[in-house]
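Please look over this model with me.

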Amino acid sequence: MAADTTIFHSTRSLKPTCTSKEAIRKGIAEDGGLFVADSLGSERYDISKLQGKSYQEIAQDILQLLLPDYTSEELSSCIKLAYGNQWANNAITPLQQLGNTRDFVMELFHGPTCAFKDVALQMLPQLMSRTKTQHENESDIEKSVMILTATSGDTGKAALAGFADVPGTSMVTFYPEGKVSRVQELQMTTQVGENVKVCAVRGNFDDAQTGVKQIFTNSELNKNIEESANTELSSANSINVGRLVPQVVYYFAAYKQLVERKAIALGDEVEFCVPTGNFGDILAGYYAKMLGLPVKHLIVASNSNNVLFDFLVSGTYNRQRSFHHTVAPSMDILVSSNLERMLYYMCDKDTRLIQMLMNDLQQWGAFEIPENVLAKIRSLFGCGWANEDQIREAIYDCWNKYKYVIDPHTACGFFVMQNIPHDESTPRVLLSTASPYKFPRIVAEALNIEHVQDMNDFKCMDALSKATGTKAPSMLRNLENKTPRFNDVINVEDMPEYVLAQAHNFAK
């Protein structure tokens with residue numbers, strides 16, 4: 001995949017085109033589409049090369065395929081900084097077997113904020129900081145980048161931790177007021193760094209995400225920020241291709257670990273079950289398959305906001321439905337942005353069709369895909385969902401059967417994985433997206449630990465630790481004594497004005 005043949009463009013138009021560095025710096029296309037490369041899958045990775053390689057070495061191989069205009073030296077430097085001593089496990093994303101079964105859990109939560117978002121958001125700031133070399137004139141080089149992100153709980157803190165005090169960048173994170181866990185909220189509002197800002201939005205995650213997308217496509221606002229604050233806007237959400245591609249790596253890392261454990265022979269197929277909200281985590285698995293990983297099925301696990309389940313069953317995506325606030329808040333999403341990228345490839349790269357579908361979603365709140373496209377999607381993607389009681393039962397069942405503690409999001413995946421029909425000769429890997437200690441009250445209640453109702457979240461952590469023999473990560477337990485730095489709360493319609501004001505503040 002030569003650098004001069006790999007170009008990115010919007011899912012909704014073939015022009016204009018850009019390099020991966022430019023796509024990462026822009027975050028989202030001007031027409032509201034997401035950046036994709038038609039060369040994806042034209043060169044496949046030789047999985048026999050996985051054996052004996054570290055996570056960092058696998059990352060070097062995969063990212064070089066996906067982001068070819070970064071030099072080998074640039075990627076090596078990015079990887080060294082992204083996957084170093086800030087990780088609690090040298091394997092970065094270690095695999096745990098559930099008892100004597102052929103089911104495994106890939107732990108994605110050993111990074112600095114205890115959520116899977118760290119895998120990408122320790123990397124994205126490094127990739128972003130090296131995009132300046134693409135700009136030729138001096139005024140462009142001097143421009144700062146302000147990262148905007150909407151979070152349903154985990155992206156915000158992981159992005160804040162990644163971008164805090166990174167030269168030439170600033171960051172504003174929006175989260176839905178009262179709709180993240182207390183631990184998640186404290187992680188964000190106590191974040192250090194002179195270049196970061198955190199703000200609650202009155203509404204749900206979809207409201208915040210839509211607000212951010214509208215800011216990116218507001219040409220007048222962007223021009224104002226660029227001219228008055230010498231600042232460009234970009235995104236840390238998984239709409240940014242630089243946020244997506246680092247996640248592809250851990251699918252290959254999981255496969256390597258399965259081969260090393262002799263759970264599979266090289267070339268055997270594997271299934272992955274992924275708790276899914278915005279469709280980025282599971283989309284990375286689809287990218288891995290396109291690069292040659294032997295993926296048999298990708299299982300979408302949803303909570304009560306099961307818009308993806310209904311879509312995969314019926315072919316109709318309909319966000320016009322009740323929004324549920326659940327015990328798995330990071331999945332409380334009705335507009336799964338990254339689905340657009342998967343549809344682009346499944347629809348044979350038909351940008352006009354994607355534009356029509358996204359217009360229908362914006363205008364009518366729903367779209368319907370052709371039957372042949374649905375059949376193609378369902379040949380790879382399976383689906384299931386868990387309600388609130390089933391999530392709690394799954395946390396209990398996983399502990400009771402395997403003495404393994406999982407958070408509510410992973411529990412969605414565990415429930416679906418245990419209940420969906422499959423070929424038992426094929427090993428399955430459940431992606432565990434967060435430490436159970438990010439949701440200590442829900443987990444402790446599910447495990448029937450006594451007197452939880454009388455405890456705050458931090459005493460719940462202690463009770464959970466004592467009952468299970470596990471240990472709360474220090475960066476979570478130590479939040480109890482931290483004082484929030486940020487307490488802004490605004491309406492959705494006030495987000496553009498807020499972003500403009502922060503751009504001026506950071507530029508001072």
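Predicted model: local features only at pLDDT ≥ 70, side-chain atom pairs only at ≥ 80, totals over all residues.

The points below take the cavities in turn.

1. Next, the count. The protein holds five cavities of 30 Å³ or more. The largest cavity has a volume of about 260 Å³. Its lining is made of 24 residues. Closest to the centre are Phe116, Lys117, Gly277, Asn278 and Ser330.

2. Now the elements around the largest cavity. Two helices, α11 (241-260) and α12 (280-290), each give two or more residues to its lining.

3. What classes of residue line the largest cavity? The lining has 13 polar residues, seven nonpolar and four charged.

4. Turn to the second largest cavity. Its space is about 100 Å³. The lining counts 14 residues, and those closest to the centre are Phe8, Ala37, Leu40, Leu66 and Tyr287.

5. Which elements supply at least two residues of the lining of the second largest cavity? They are β2 (35-37), α2 (55-66) and α11. Strand β2 makes the largest share, with three residues. Helix α11 is also listed for the largest cavity, so trace it with care in both places.

6. Last, the classes in the second largest cavity. Its lining has 12 nonpolar residues and two polar ones. No charged residue is found there. By contrast, the lining of the largest cavity includes four charged residues.

Conventions
Residues numbered from 1 in each chain as written. Heavy atoms only, no water. 1 Å grid on protein atoms, 1.4 Å probe; cavity = no way out; pocket = protein on both sides within 12 Å on 5 of 7 lines; lining within 4 Å. Points joined across faces, edges and corners; volume = space filled by probe spheres on them. Helix = DSSP H or I, 4+ residues; strand = E, 2+ residues; numbered from the N terminus. Nonpolar A, V, L, I, M, F, W, Y, C, P; charged D, E, K, R; others polar.
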